[in-house]
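Open the model in your viewer and keep the sequence panel beside it. The tour goes from stop to stop, with something to select at each one.

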Amino acid sequence: MPMYVPSRGRVEEFDVGGGGQVLDLETAVKDGILGGGGGVVVHGGAIEKKLSLRKMMEELNSIEVPSVFICPISLEPMQDPVTLCTGQTYERSNILKWFSLGHFTCPTTMQELWDDSITPNSTLHQLIYSWFSQKYLAMKKRSEDVQGRVLEILETLKKVKGEARVQALKELRQVVTAHDSAKKTVTNNSGVSLITSLLGPFTKHVVASEAIGILVHLDLNSDGKANLMQPNRISLMVDTLNEGSIDTKINCTKLLELLMEGKDSECEVLSSLSLFVGLLRIIKDKRHPNGVLSGLRLLKLISSHESLRNSIVGIGAIPQLVEVLPNLNAECLELALVILEALSTLPEGALALMDCRSTIPNVVKLLMKVSESCTQFALSILWAVCKLAPEKCSSVAVEAGLAAKLLLVIQSGCNPVLKQRSAELLKLCSLNYSETIFISKCKLTKTMQ
């Protein structure tokens, strides 16, 4: 359970109802909110039987809880509050653990205890239960209202067209984005197949945008994914990705990534050149980091399929990816390097990397800079380029400072495989130089010599 944020009201006052009423313990007992029995049972059909306090706390784990309900030791709501002789109250299990560690003081005041007995605080226990019960009821009512509205919208979508359909989809998208119960209601009432049926060859982009914005938030089963993987629907998603807003582009990439996971046999449906071009546009758009990340994630998944790599290389993706390397954050950078490494396994990919003037300078800068995995991918890319044309690439690599970086890798505590690859690459770079000139070119210190 996450840490709760104490309320800013007085410690002895707390909100126990949905209407903002503030009560203290004395008033709560006097008004009959608290009883002397075993707990509060809420009647009226909303809760048929008494729910455990633990269950309610688990379902209400993101709300702000009054500070008086919080155990000073764990900073979590108390379920079995007990009071010490100092008047301080704690969760029973927490204070017993405190005692078991040899402490005989009050954790809050650090006073020595003149009485080691602990007294159940039944009044506070009942107040905690009452407060959580009412919050739980309010949550359930909101959930039921959401579910009812979702069912109404699904019925509406079966009947309307044009602008009315767009408005219904927009409302459903807002509800699904905000409430987990709405997502379950859609999936449990054939909503996925209904929304998917709206995606066809003549679907307007505004309808496709809203429908995709809903589907990307749902838990799609295998049938739902298979239905969306039909070529005409994939084509519509690709068109929407190219023409939509940045939010729509991100939703399209996320949905396509979801559909493609584990689909080795069906990956060919995503071989569209239009898709690759659209992804590269997103990746190069520095204004939207979230878009860059989603574009790289999908392109990485696509490049993991050998049959699609030639198409990616063929549209000129390599020089475009190389050029954006200096602008990427650590997460995006690793994705881009994974893609470039996969493409470098193709003869055409290695040649494209060699022909790009920025490849060696940009990749050399990444060695020992971000992470060990990034260094590994960068070394693989440099090896693919340099071994293709050692005479041509060695001087460029040396001028870019590769030798000094390779020595850092060799002297570091990284993976022995990386050290071995670095040594091989260092030897490759020195082929065209005498020892003296090579040392001079690399600007190595006497220690490095």
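A crossing of two helices is called left-handed if the near helix is turned anticlockwise from the far one by less than a right angle, and right-handed if it is turned clockwise. Keep that in mind for the first stop, and note that the model is a predicted one.

**Stop 1**

Select residues 317-324, which form helix α15, and residues 330-344, which form helix α16. Their axes come within 10 Å and cross at roughly 150°. Is the crossing left-handed or right-handed? Where α15 passes α16, the crossing is left-handed.

Now show the side chains at the contact. From α15, select Ile318, Leu321 and Val322; they meet Ile339, Leu340 and Leu343 of α16. Sorted by type, the residues of this contact are six nonpolar, no polar and no charged.

**Stop 2: salt bridges**

How many salt bridges does the structure hold? It holds nine.

Begin with Arg149 and Glu152. The closest N and O atoms of this salt bridge are 2.7 Å apart. Both residues belong to helix α4 (residues 122-157), and because they are three residues apart there, about one helical turn separates them. Arg149 has a relative accessibility of 31% and so counts as partly exposed. Glu152 is partly exposed too, with a relative accessible area of 45%.

Next, select Arg173 and Glu210. Their side chains meet in a salt bridge, with 3.3 Å from N to O. Arg173 lies in helix α5 (residues 162-178) and Glu210 in helix α8 (residues 205-215), so this pair ties together parts that are 37 residues apart in sequence. Is Glu210 buried or exposed? Glu210 is buried, because its relative accessible area is 9%.

Salt bridges with shared partners join Arg149, Glu152 and Glu171 into one network.

**Stop 3: the loop between α7 and α8**

Select Lys204, which is found in the loop between α7 (191-197) and α8. At 60% relative accessibility, Lys204 counts as exposed.

Thr203 is buried, with a relative accessible area of 15%.

Which backbone atom of Leu198 lies 2.7 Å from a polar atom of the Thr203 side chain? It is the backbone oxygen of Leu198. Then show Gly200: its backbone nitrogen lies 2.6 Å from a polar atom of the Thr203 side chain.

To finish, show what else surrounds this residue. Leaving aside its neighbours within four places in sequence, Thr203 is in contact with Leu198, Ala208 and Leu236.

Notes:
Residues are numbered from 1 along each chain as its sequence is written. This is a predicted model: local features need pLDDT of at least 70, side-chain atom pairs count only at pLDDT 80 or more; totals for chains, interfaces and linings use all residues. Side-chain values use heavy atoms; hydrogens and water are left out. Axes are lines fitted to C-alpha atoms, for helices over the stretch in contact, and angles run from 0 to 180 degrees between N-to-C directions. Helices (H or I, at least four residues) and strands (E, at least two) are DSSP runs, numbered from the N terminus. Contact means heavy atoms within 4.5 Å. Ala, Val, Leu, Ile, Met, Phe, Trp, Tyr, Cys and Pro count as nonpolar, Asp, Glu, Lys and Arg as charged, and the others, Gly among them, as polar. A salt bridge is a side-chain nitrogen of Lys or Arg within 4 Å of a carboxyl oxygen of Asp or Glu. Buried means under 20% relative accessible area, exposed over 50%, partly exposed in between (1.4 Å probe, protein chains only). A polar contact is a pair of N or O atoms within 3.5 Å; within protein, one must be able to donate a hydrogen and the other to accept it, and residues adjacent in sequence count only if both atoms are side-chain atoms.
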